[in-house]
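These are my notebook entries on a structure I looked up.

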Amino acid sequence: MYRIHILIAMDSHAVAQGARQVKDALIRDLALAGISDEVKIVETGSLGVSNKGVVLVVFPDDVYYVNVTTDDIPDIISEHLLKGRLVERLHFKRPGAEKISEKKAERLDKQVRVVLKNAGIIDPKSIEEYIARDGYEALGRAVTEMTPQQVREEVKKSGLQGRGGAFFPAGMKWDFAAGTDADQKYIICNADEGEPGTFKDRLILEGDPHAIIEGMALAGYAVGATKGYVYIRGEYRMSIEHVQLAIDSARANGLLGQGIFGTGFNFDLEIREGAGAYICGEETALIESIEGRRGEPRDKPPFPPVEGLWGKPTVVNNVETLANIAQIILKGSEWYKGFGTEKSPGTKVFTMVGNINNPGLIEVPMGITLREIIYDIGGGIPDGKGFLLAQMGGTTGGILTEEHLDLPMTVETLRDIGAGLGSGALLVVDDSQCPVDLVKNFVEFFNHESCGKCTLCREGTGRLHELLDRLTSGRGSEKDINLIKVLSSTMMRGAFCGLGQAAPVPILGCLRYFEDIFIQHARDHVCTTNKCEMEAARKGVAA
Amino acid sequence: MPEMNIIDEIVENYNNVKTPLIYILKDVQKEFGYLSESILTRVAKKTKIPMRNIYGVATFYSLFTTKEKGKYIIRCCNNAPCHVNGSKEVLDKIKEYLGVDFGETTADKIFTLEFTSCLGICAVAPVMMVNDDVYGNLTPEKAVAILKDYKMKGTSNV
């Protein structure tokens with residue numbers, strides 16, 4: 001028995017800040033202190049605190065230490081582990097716990113971790129720890145006690161919507177695939193996360209990979225598929241490593257393969273790595289990529305549940321969607337509907353990034369307001385600066401401003417104002433930034449990531465970039481703003497896939513709320529934040 | 001040529017995998033550093049996939065390269081979360097330190113400088129990746145210090 005457990009976050013954020021070195025020092029110094037057999041070190045996924053260096057949690061005391069370096073280890077050992085005293089300078093109080101009013105506390109109390117139930121709590125490399133927290137119980141129950149149709153019904157009744165960004169009802173997608181006759185069907189987990197500011201899937205894959213495997217096996221049982229692929233971005237090395245380990249140990253334990261739980265159900269999984277292409281997050285482009293081709297989107301219909309991978313019915317689900325499935329089967333759709341709002345049930349994982357004090361990952365019920373996310377949970381904006389705008393859902397997401405701070409974040413309320421929850425990335429931008437410069441940055445991204453298949457997106461993103469470059473360098477005129485508007489609305493209506501159709505959303509959003517600033521750039525060649533260099537204007541070569 | 005045998009072997013390793021082209025190209029690139037025309041021609045011959053398709057794939061994905069690159073590939077992120085946290089100053093400093101622009105390789109073939117799209121570690125923005133290692137919370141000074149370490153490593157064991 002161990003007297004103390006130390007959790008050390010070993011997600012990509014932590015590793016980028018030296019977590020491996022700290023762990024090595026910890027092992028070494030524990031041995032020096034002669035207490036290696038009293039303290040167990042557990043590597044976990046993200047502990048939910050992402051920009052505070054290496055994070056350790058000491059149990060059973062539940063004490064968080066942040067910004068830990070190898071030099072701090074002797075202090076932690078001699079003070080905390082041996083003498084039971086807190087090391088104050090490293091101690092971190094969980095954000096939001098004290099400041100929020102009672103009413104809000106009540107609301108934040110509703111935070112139940114569904115998707116992130118295990119992330120940061122278990123060792124993602126241990127199947128035993130996953131099983132100890134009810135892991136694979138839903139799969140066992142489904143294949144022995146439920147028909148595939150009952151599994152689909154339960155997911156449909158839960159109202160779960162796809163968490164990849166489109167919020168399509170997950171159960172309905174499964175029904176389409178189940179209703180198509182074929183000798184082979186496939187389940188694909190879309191782990192090609194690449195939307196700027198989004199890292200929820202990465203932290204789920206790194207922190208709780210078995211939840212994805214169980215979700216995929218349940219999906220396979222529900223629609224009659226025996227084979228699945230996890231398509232992971234090539235850049236996500238740690239995700240690939242953890243999922244591969246999880247697949248191997250699930251197979252070794254008879255939870256993947258032939259005759260699962262002694263029934264006639266067969267299901268197996270393989271990883272497919274991406275090779276660097278944002279567009280492969282689009283499901284038909286992803287399928288093209290698995291088939292060994294350029295990741296260019298296909299014409300639809302037919303949709304993948306009817307004709308997908310190698311022409312067979314295929315369900316493509318996002319990582320977060322799949323991470324919900326086992327919980328829904330285990331605890332029931334009624335339990336799941338207890339979170340969120342009537343039309344947007346469940347929880348949502350958000351990543352908070354940009355100009356915010358506590359960037360990181362949170363799971364909250366649908367319907368929380370922007371103000372609560374930014375100021376209560378996110379700790380507000382650094383350096384006493386003001387709030388300019390927020391972008392919800394990644395780089396194709398809609399723009400939210402001051403007037404939206406108290407809007408409940410649900411699929412339908414955001415849709416009403418021309419925005420969406422998208423990937424759940426919340427980019428917070430402070431008032432020292434320039435919206436024109438920001439839009440130029442968005443367009444650079446789209447121009448780089450356009451796959452080139454359709455003219456409107458390939459050429460449109462390029463022309464938009466030129467126009468914005470004119471505005472931000474002092475060569476623009478008010479005509480350019482008009483051209484941006486016309487081109488944007490043409491792309492929205494005519495581009496082949498979601499990338500080109502959604503690219504103008506943040507551009508038009510910024511134009512709607514900050515048109516005066518755009519005009520200032522175009523007509524007066526002035527950028528009050530000095531983010532735009534306006535060199536041409538200074539040299540007197542304005543158009 | 002021994003090179004050709006290696007390519008053939010890699011292709012054969014994937015005999016049991018359906019549509020493995022991307023995996024084959026990854027392994028081949030790992031072996032030779034980049035995907036030259038003669039290498040791709042051999043892959044085409046061995047896999048019986050038309051060369052035009054193979055070239056299409058090799059030039060579509062950002063992790064593939066048809067040109068020789070430096071020993072260390074620096075992938076810098078300038079997506080919005082990094083941008084609003086000051087990535088531009090970091091990128092300018094890196095360019096100045098290396099004396100090359102994005103897409104270029106230094107004359108000593110130690111560094112190739114590239115952009116990457118979001119690496120998903122935005123909570124420690126701005127970030128960059130050097131080969132497989134990621135670095136966060138960059139400042140112009142910190143980025144240069146990291147690259148100096150690599151440069152020392154790169155010149156000592158060439």
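I counted two residues as in contact if their C-beta atoms, placed from the backbone, lie within 7 Å. The model is predicted: local features need pLDDT of at least 70 and side-chain atom pairs pLDDT 80 or more, whereas totals for chains, interfaces and linings use all residues. Residues are numbered from 1 along each chain as its sequence is written, and chains are lettered from A and ligands numbered from 1 in the order in which they are written.

**Entry 1, chain contact.** I found 44 residues of chain A and 31 residues of chain B in the contact. On the side of chain B that touches chain A, helix 2 (21-32), helix 4 (51-60), helix 5 (80-83) and strand 4 (133-135) each give two or more residues. Helix 4 of chain B gives the most, with four residues. Helices (H or I, at least four residues) and strands (E, at least two) are DSSP runs, numbered from the N terminus. I sorted this side of chain B into 20 nonpolar, nine polar and two charged residues. Ala, Val, Leu, Ile, Met, Phe, Trp, Tyr, Cys and Pro count as nonpolar, Asp, Glu, Lys and Arg as charged, and the others, Gly among them, as polar.

**Entry 2, sheet of chain B.** I noted an open, mixed sheet of four strands in the order 2-1-3-4. Strand 2 (111-116) and strand 4 of chain B are at the edges with a single partner strand each, so one side of each has no neighbour in the sheet. Strands pair if DSSP finds at least two bridges between them. Strand 1 (residues 72-77) and strand 3 (residues 128-130) of chain B pair antiparallel over three bridges. I located B:Arg75 opposite B:Met129 in strand 3 of chain B.
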